[in-house]
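Here's a quick briefing to read alongside the model. Have the sequence and the 3D view open as you go.

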Amino acid sequence: VADLAVQMSSWQNPVVDLIQRFTSSAPQSQGPALSSTPSLFTLVEILLLLPEEMNSEQLNLGENRRQQIAQIFEATEPTVFNLLESCLKWEGQQQND
């Protein structure tokens, strides 16, 4: 999935799309609701791999595509940080239950 996201220039916002796919709706103040632990682990793993794949020499990406992906990553940093914050809160709640 990470390779596909990096290579497909038609996929305009893979980070947000993946987060939306692996999370469920929740009130804005609470951030995304995590649907399950396996989904969480899968999502985090994909998000970790995206920057690695962008810099992979095996993918043979052009400099323009690398710059485009870097801009997407920069623009979605707040979304990823909100997700990670939600993950930490969710994990804390799971331990308290």
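This is a predicted model: local features need pLDDT of at least 70, side-chain atom pairs count only at pLDDT 80 or more; totals for chains, interfaces and linings use all residues.

Reading from the N terminus, the order of elements is α-α-β-β-α-α-α.

**Confidence**
- The average pLDDT for the protein is 83, and 81% of the residues reach at least 70.
- Helix H4 (residues 63-75) gets the highest confidence, at 93, while strand S2 (residues 33-34) gets the lowest, with a mean of 55.

**Overall packing**
- The protein has 97 residues, and 35% of them are buried.
- Among contacts with a separation of 6 or more, 63% are between residues 24 or more positions apart.

**The nonpolar core**
- The largest nonpolar core holds 23 residues, and the members touching the most others are Val-15, Leu-18, Ile-19, Leu-43, Leu-47, Leu-50 and Phe-73.
- Each of helices H1 (2-7), H2 (14-22), H3 (37-54), H4 and H5 (77-96) puts at least two residues into this core.
- H3 gives the largest share, with six residues.
- Leaving out residues up to four places away in sequence, Phe-73 touches Val-15, Leu-50, Pro-51 and Met-54.

**Thr-23**
- You'll find Thr-23 in strand S1 (residues 23-24).
- Thr-23 counts as buried because its relative accessibility is 13%, and the cut-off for buried is under 20%.
- The Thr-23 side chain reaches the backbone oxygen of Ile-19 at 2.6 Å, and Ile-19 is itself one of the core members with the most neighbours in the core.

**Arg-65**
- Arg-65 sits in helix H4, the element with the highest confidence.
- The side chain of Arg-65 does reach a backbone oxygen, that of Met-8, at 3.0 Å.
- Not counting residues up to four places away in sequence, Arg-65 touches Ala-5, Val-6, Gln-7, Met-8 and Ser-9.

Definitions and conventions: Residues are numbered from 1 along each chain as its sequence is written. Side-chain values use heavy atoms; hydrogens and water are left out. pLDDT is the predictor's confidence in each residue, from 0 to 100. Helices (H or I, at least four residues) and strands (E, at least two) are DSSP runs, numbered from the N terminus. A nonpolar core is a set of buried Ala, Val, Leu, Ile, Met, Phe, Trp, Tyr and Cys residues joined through side-chain atoms within 4.5 Å. Buried means under 20% relative accessible area, exposed over 50%, partly exposed in between (1.4 Å probe, protein chains only). Contact means heavy atoms within 4.5 Å. A polar contact is a pair of N or O atoms within 3.5 Å; within protein, one must be able to donate a hydrogen and the other to accept it, and residues adjacent in sequence count only if both atoms are side-chain atoms.
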